[in-house]
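Q: Please take me through this model feature by feature, giving the general idea of each before the particular case.

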Amino acid sequence: MDLSRDLTLALPEVILTLASLALLVWGAYAKKTGPVFILAAVAALAVAAFAAATGTAGRAFGGALIADDGAGFAKVAIYAASAVAIVLCDRWFTQKGTARFELTVLIVLAALGMGIMVSAGDLISLYLGIELHSLALYILAAFQRDDEKSSEAGLKYFVLGALSSGLLLYGASLVYGFAGSTNFLAIARATHGGAGVGVVFGLVFLICGIGFKVSAAPFHMWTPDVYEGAPTPIVGFFAGAPKLAAMALFARLLTEGFSGATDQWRQVLVIVALLSVFVGAFAGLAQSNLKRLWAYSSIANIGYALIGLAAGGPAGVQSMLVFMVLYTIDVTGFFACLAALQRSGKAMESFDDFAGLMSERPGLALAITAFSLSALGMPPFSGFFGKFYVFKAALAAGPFTTWAAVLALVGSVVAAFYYLKLIKVMWFDPAPSQTDKPAGGATAIAYAAALFAIPVVWVALTWLDPLSLSAAIAFVH
């Protein structure tokens with residue numbers, strides 16, 4: 001093992017490790033941290049993203065860590081979303097007078113864990129990445145210690161996260177016992193030509209454990225409560241980058257480690273995907289709190305991403321990557337809108353709160369309209385292109401995934417009700433009272449994301465398409 005070569009391949013992780021330690025010491029000893037502290041964290045993520053995009057390909061630490069186009073693509077998206085989250089959270093907590101330097105350090109550590117996840121080439125590094133990012137997220141969910149809902153959200157997330165970790169470890173132990181290795185390539189060789197019953201059981205437990213991380217049904221029970229209780233900008237972070245990282249990990253694990261068991265895991269993924277779509281669609285109809293509503297929306301959208309992944313091959317993985325990147329931008333923008341809006345100092349979270357928003361804050365109302373129509377999959381918004389990629393890959397993969405795509409389309413029609421209801425309330429219902437002046441930082445992020453949803457996405461797809469295809473080929477091969 002060449003340590004210098006391994007460290008070069010793991011340069012993004014090395015950068016974020018050193019940055020998180022430096023930021024921790026800086027924050028602990030400085031009497032007050034200001035914009036320079038935030039700028040340093042964002043710069044560290046930017047440098048790590050550059051290293052991931054331009055670094056050499058290879059396998060480090062005996063194959064436990066993989067550097068390739070797939071990992072680079074996912075890391076750039078994850079680090080960018082994490083940098084936006086740092087800025088959004090800092091402005092929001094500063095406005096409330098509860099800003100603490102630990103928040104920035106935790107987001108950098110979460111980004112480090114997510115980077116390890118998308119580069120994992122071994123069940124041990126897979127678990128290490130998942131737990132590193134999960135522990136940071138548990139603390140972030142309960143970051144408002146004096147708020148009862150935030151504390152409850154963190155506790156529920158932690159308890160159910162421990163359960164999912166148990167499922168994941170049990171599945172990994174079964175796979176190791178029957179395949180004889182924890183390395184993905186070795187597992188692929190052991191399952192070449194078909195996986196035995198023991199390996200399949202282990203694989204199902206692995207899928208269940210990672211399914212919790214992406215809040216796929218029936219492992220979604222934590223999502224509505226955590227979304228409702230956690231601070232709004234932190235929820236925007238939860239809903240995007242961690243799910244993109246877990247889906248990229250899914251792609252690596254299934255297409256590389258269990259390529260010999262494709263027929264088995266495709267069936268499980270399709271079942272989980274359809275459950276997610278319909279749970280998200282029908283349960284969302286009963287919600288009046290927008291944070292809970294968007295939790296069910298995220299469950300449904302993960303279902304579409306899983307259908308793309310179930311299609312398999314480069315086209316299927318590419319569809320999942322494109323869908324998740326576009327969805328991450330939309331959901332970050334939506335929660336930036338929620339973070340920007342208040343009435344009489346009170347957060348706006350219900351349908352009634354958003355009544356008449358178009359007449360008061362037309363810019364933010366238009367942005368929320370764009371995000372709602374994009375999540376619905378209405379052309380020509382970015383969400384339409386994400387679903388187009390997914391359904392195209394599913395139709396090309398065979399009759400099994402074709403029927404899954406048809407059923408998912410039905411679920412999308414059901415979910416259209418609550419997206420359109422929000423638009424109707426904003427545009428046509430009378431406002432109950434005047435909204436407060438929106439927060440500048442959150443508003444800027446919301447507008448930027450809305451502009452990406454339409455029309456910037458039309459240009460962005462010209463470079464997103466080849467990059468995502470190159471990433472998908474790296475994951476599959």
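**Reading the packing, pairing and backbone**

A: Helix 9 passes helix 13 in a right-handed crossing, where right-handed means that the near helix is turned clockwise from the far one by less than a right angle, and left-handed anticlockwise. Helices here are DSSP runs of H or I with at least four residues, and strands are E runs with at least two, both numbered from the N terminus. Bear in mind that this is a predicted model, in which local features need pLDDT of at least 70 and side-chain atom pairs count only at pLDDT 80 or more, while totals for chains, interfaces and linings use all residues. Residues are numbered from 1 along each chain as its sequence is written, and side-chain values use heavy atoms, with hydrogens and water left out.

Q: At roughly what angle do the axes of helix 9 and helix 13 cross, and which residues make the contact?

A: Two packed helices are described by the angle between their axes and by the distance between those axes. For helix 9 (residues 197–213) and helix 13 (residues 262–284), the axes cross at roughly 35° and come within 11 Å (lines fitted to C-alpha atoms over the stretch in contact, with angles from 0 to 180 degrees between N-to-C directions). On the helix 9 side the contact (heavy atoms within 4.5 Å) uses Val 200, Leu 203, Val 204 and Ile 207, and on the helix 13 side Gln 264, Trp 265, Val 268 and Leu 269. By class, these residues are seven nonpolar, one polar and no charged (nonpolar being Ala, Val, Leu, Ile, Met, Phe, Trp, Tyr, Cys and Pro; charged being Asp, Glu, Lys and Arg; polar the others, Gly among them).

Q: At about what angle do helix 4 and helix 5 pack, and how far apart are their axes?

A: Helix 4 (residues 69–96) packs against helix 5 (residues 101–119) at an angle of about 165°, and their axes are 10 Å apart. Helix 4 is therefore roughly antiparallel to helix 5 (angles over 145 degrees count so; under 35 is roughly parallel, 65 to 115 roughly perpendicular and the rest oblique). The crossing of this pair is right-handed, and the residues of the contact divide into 14 nonpolar, four polar and two charged.

Q: At roughly what angle do the axes of helix 18 and helix 19 cross?

A: The axes of helix 18 (residues 382–396) and helix 19 (residues 399–428) cross at roughly 150° and come within 7 Å, so helix 18 is roughly antiparallel to helix 19. Helix 18 contributes Lys 387, Phe 391, Ala 394 and Leu 395, which face Thr 401, Thr 402, Ala 405, Ala 408, Leu 409 and Ser 412 of helix 19. Of these residues, six are nonpolar, three polar and one charged.

Q: How many salt bridges does the structure hold?

A: Side chains of opposite charge can pair when their charged atoms come close. The structure holds twelve salt bridges (a side-chain nitrogen of Lys or Arg within 4 Å of a carboxyl oxygen of Asp or Glu). In one of them, Glu 152 pairs with Lys 156, with 2.8 Å between the closest N and O atoms; because the two residues are four apart in helix 7 (residues 148–179), about one helical turn separates them. Another joins Lys 291 to Glu 349, where the closest N and O atoms are 3.7 Å apart. Lys 291 belongs to helix 14 (residues 290–311) and Glu 349 to the loop between strand 4 (346–347) and helix 16 (357–360), so this pair ties together parts 58 residues apart in sequence.

Q: Are Lys 291 and Glu 349 buried or exposed?

A: Lys 291 and Glu 349 are both buried (under 20% relative accessible area; exposed is over 50% and partly exposed in between, with a 1.4 Å probe and protein chains only). Arg 343 and Glu 360 are also both buried, and their side chains meet in a salt bridge of 3.2 Å, N to O. By contrast, Glu 152 is partly exposed at 39%, as is Lys 156 at 29%.

Q: Which peptide bonds are cis, and which residues other than glycine have a positive phi?

A: The bond from Ala 217 to Pro 218 is cis, with omega near 5°, and Pro 218 lies in the loop between helix 9 and helix 10 (223–229). The bond from Pro 379 to Pro 380 is cis too, with omega near 5°, and Pro 380 lies in the loop between helix 17 (362–376) and helix 18. As for phi, Ser 215 has a positive value of about 55° although it is not a glycine; Ser 215 sits in the loop between helix 9 and helix 10 and is buried at 0% relative accessibility. Phe 61, with a positive phi near 55°, lies in the loop between strand 1 (58–60) and strand 2 (65–67) and is partly exposed, with a relative accessible area of 32%.
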